[in-house]
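The sequence and structure are shown first, and the description follows.

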Amino acid sequence: MSANRQRTRVSEGPLGDPTYRMLWAAQLGSAVGGWMQSVGAQWMLVHRPGAATWVSLVQAASLLPVMFVSLPAGVLADVMDRRRLLIGVQSAMTVLAALLTVLTATGRTTPAVLIAFTFLLGCGQAVGNPAWQAIQPELVPREQIPAAAALGSLSVNVARAVGPALAGLLLTVTSTWVLFGINAVSFTAVILALLRWRRTEERNTAPEAVLAALHAGGRYVRHAPGVRRILWRAALFVVPASALWALLPVIASEHLHQGSGGYGLLLAALGAGAVGGALGMGRLRKALTANQLLLFSGLLYGAGALITALSASLPVVAAVSVVTGAGWLVTLSTLNTSMQLTLPAWVRARALAAYLIVFLGGQGLGSLLWGLVARPLGTQGTLVLAASLLVVGTASLPLFPLLPGTGTLDRTVSAHWPEPALVFDAVGDTGPVLVEIAYEVTPEDLPEFLEAAQRLSRSRLRTGATRWRLYQDASDPAKLYEVFEVPTWDEHLRQHHERTTGFDQQLLDRVRALSRTEPRSRHLLPARSAAARG
């Protein structure tokens, strides 16, 4: 690509790239179909006894699969070709949606059948979501990731505005099976777009074993403080925030005495507010920090949910829903952008899967929880309680903010480690591997060295080590030994060539600079492996 063309593409934003534009439009169409099906499924149950519980079960069934499927799906998205994975998932969902359409059209869809199909379609979404999230940096330059994240949120919320409105209109003249059929057709558009995409990213090394990749992803999340803090902020927001989405059909039907058109209007108002929030995200990011955005949007959403619970006027609730939708979008886009920019490429899908478990799984568990709470408290009382908890959780931001440097650290691969010197060939699954690095530190530099080494320990554990310790020579306190263990020789080579980022290299360089002599490293392998090759 020429420099002029590259500059033109950047200035136009992500939609200036034809491939990104094609995939974005296909996802938007599929999201519209998904929301039409969701409205149809909830409206099939809203007039049954215990409607709040039934409607919440539909929401939970679509989101809870994220809790069980996302981590394995994230591993698959990191070790497989993401394009092929997505094509397979979308094909399976097409078949499921078509079968549900036929069953509903012939009058065979009971509540249990509806919830079962909703759960299976939710499984499909859970398998595909990490791959969709992880391909964004393949499609756009790093500086456009915030804009791409906002566009991703925009497509979801445009669908939330358009899908329910279309569904409400169609439900006045036709049946729910038509909505289910439209959803089935929408998956085919995604498949066609994926077939036209020619993915250019190639692997330089063999893919990781699935189980090893799963463990590596878990270690990364455990030892990445910035990632963990994003996950905490997502959980504190989404669990109480899910009450509004779960109970809105009942609010529309029982509290505001509206039919499907009124429910569609409220969803469209929420979606319209989200679209407005997405369009203003660029200016908001320039004016406010990520923590300020989360505080502002969380309080906005909580206030909107509280007014929705207390007001009996459809125009008032609809107007407030526009503001509430904007608060939802700003929070979602801020958290998603922070996560995308924080993660290195090698673990992106797996860590994003953990984020999706918290965000979407939190919505599913929250929906189930609030549906059960609505039995003794009633719909309005439950929404007031959830809104109050949301405000309290948001108010904790000054105490537990996103960590400094979130989304700004250098995550490009930095393979500056010297190649290990071996006198025999180590098979890839040889292990565990014990790495020992010797340093000599002057007494005056020792406190700073210890602090820098502790920061380096998290890097070692993020990139593959299962254990890490720092030892001091009892006979010569100036000599210190960093010792860490990696499961296999392959894993250690991945540390060298794939997993050490520019930020990790900065931590390593700081430790090395505090050693008065060049650090010396040794690689210790199990004796039986060395003997077999001696």
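## Burial and a strand residue

A residue counts as buried when its relative accessible area is under 20%, as exposed when that value is over 50%, and as partly exposed in between. The model described here is predicted. Glu436, with a relative accessibility of 19%, therefore counts as buried.

Glu436 belongs to strand β1. Apart from neighbours within four places in sequence, the residues in contact with Glu436 are Tyr481, Glu482, Val483, Arg520, Ser521 and Arg522.

Is Leu403 buried, partly exposed or exposed? Its relative accessibility is 27%, so Leu403 counts as partly exposed.

When neighbours within four places in sequence are set aside, Leu403 is in contact with Pro225, Gly226 and Arg229. Leu403 and Arg142 are 261 residues apart along the chain, and their C-alpha atoms are separated by 20 Å.

## Packing of α10 and α14

Helix α10 comprises residues 225-255 and packs with α14 at an angle of about 45°, the two axes being 4 Å apart. This angle makes α10 oblique to α14. The contact of α10 with α14 has 26 nonpolar, 11 polar and two charged residues.

The crossing in which α10 passes α14 is right-handed.

## Aromatic pairs

How many aromatic pairs does a search of the whole structure find? The search finds nine aromatic pairs. One of them is formed by Trp35 and Trp245; this pair is tilted, with 6.2 Å from centre to centre and 55° between the planes. Trp35 lies in helix α2 (residues 18-45) and Trp245 in helix α10, so the pair ties together parts that are 210 residues apart in sequence. Both partners are buried: Trp35 has a relative accessibility of 16%, and Trp245 has a relative accessible area of 5%.

Phe237 and Tyr301 form an edge-to-face aromatic pair, with 5.5 Å from centre to centre and 65° between the planes. Because Phe237 lies in helix α10 and Tyr301 in helix α12 (residues 290-310), this pair ties together parts that are 64 residues apart in sequence. Phe237 is buried, with a relative accessible area of 5%, and Tyr301 counts as buried at 1% relative accessibility.

Phe187 is found in helix α8, which spans residues 176-196. With a relative accessibility of 2%, Phe187 counts as buried.

Which residues are in contact with Phe187, leaving aside its neighbours within four places in sequence? They are Ser30, Gln90, Met93, Thr94, Ala97, Leu121 and Gln125. The C-alpha atoms of Phe187 and Val89 are separated by 9.7 Å, while the two residues are 98 residues apart along the chain.

Key:
Residues numbered from 1 in each chain as written. Predicted model: local features only at pLDDT ≥ 70, side-chain atom pairs only at ≥ 80, totals over all residues. Heavy atoms only, no water. Buried < 20%, exposed > 50% of the residue type's maximum accessible area, 1.4 Å probe, protein only. Contact = heavy atoms within 4.5 Å. Axes fitted to C-alpha atoms, helices over the stretch in contact; angles between N-to-C directions. Helix = DSSP H or I, 4+ residues; strand = E, 2+ residues; numbered from the N terminus. Parallel < 35°, antiparallel > 145°, perpendicular 65-115°, else oblique. Left-handed = near helix turned anticlockwise from the far one by under 90°. Nonpolar A, V, L, I, M, F, W, Y, C, P; charged D, E, K, R; others polar. Phe/Tyr/Trp six-rings, centres within 6.5 Å; stacked < 30°, edge-to-face > 60°.
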